[in-house]
Amino acid sequence: MLNVKLSSADMVARARAKITELETHQLMGMFDDPNVVIVDIRDIRERERSGFIPNSFHAPRGMIEFWVDPESPYHKDVFSQSGKTYVFHCASGWRSALTVATLQDMGFKSAHLKHGFTDWVKAGGPVETST
């Protein structure tokens, strides 16, 4: 078995120590704020299977750095809106913690939903499904 120098759990813990984490009730309180952009980084199949937070922007984890970077040919304008608060989420908060830590290293200010979409659903947050 191959031993790694740093486990994925250690990476998530390091990321969480340096980023802004929002509890589910905090994001629910911000849900109707037009200055909040909720970004879902889950795979498209997860969104199709489990639903998604209404009006969330889907940005697959594998492209996020390129979509955020204004100098990238893949840049998405949604990430160039001034005065917006960006909150990223995945299913359980691990991928989004790593994402936000990386974006913070790039100079992009954002937060993440600490316990992810699973907790959002459990807490009764609104969920939309594809039709």
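Predicted model: local features only at pLDDT ≥ 70, side-chain atom pairs only at ≥ 80, totals over all residues.
**Overall fold**

I counted six helices and five strands in the chain, taking helices (H or I, at least four residues) and strands (E, at least two) as DSSP runs numbered from the N terminus. Along the sequence I read the pattern α-β-α-β-α-β-α-β-α-β-α. The radius of gyration is 15 Å, close to the 14 Å that the globule rule gives for 131 residues, so the chain is as compact as a globular protein of that length. That radius is taken over C-alpha atoms, and the rule is 2.2 Å times the number of residues to the power 0.38.

Residues are numbered from 1 along each chain as its sequence is written, and side-chain values use heavy atoms, with hydrogens and water left out.

I also looked up burial: 40% of the 131 residues are buried, meaning under 20% relative accessible area, with exposed over 50% and partly exposed in between (1.4 Å probe, protein chains only). Of the contacts (heavy atoms within 4.5 Å) between residues at least 6 apart in sequence, 61% join residues at least 24 apart.

**Leu27**

I went to Leu27 next, in helix α2 (residues 24–30). Leu27 is buried, at a relative accessible area of 0%. Setting aside neighbours within four places in sequence, I found Leu27 in contact with Val36, Ile38, Val87, Leu113 and Trp120. Its C-alpha atom is 11 Å from that of Tyr86, 59 residues away along the chain.

**Largest pocket**

What lines the largest pocket? I noted Met30, Phe31, Asp32, Asp33, Val36, Val37, Ile38, Pro54 and Asn55. A pocket here is an open set of points on a 1 Å grid over the protein atoms alone, where a 1.4 Å probe fits, with protein on both sides within 12 Å along at least five of seven lines; lining residues have an atom within 4 Å of a point. The space inside is about 160 Å³, as filled by probe spheres set on the points. Strand β2 (residues 36–40) gives the largest share of the lining, three residues.

**Asn55**

Asn55, one of the lining residues, sits in the loop between α3 (44–50) and β3 (57–58). Is Asn55 buried or exposed? It is exposed, with a relative accessible area of 75%. I flagged its positive phi of about 65°, although Asn55 is not a glycine. Most residues other than glycine have a negative phi.
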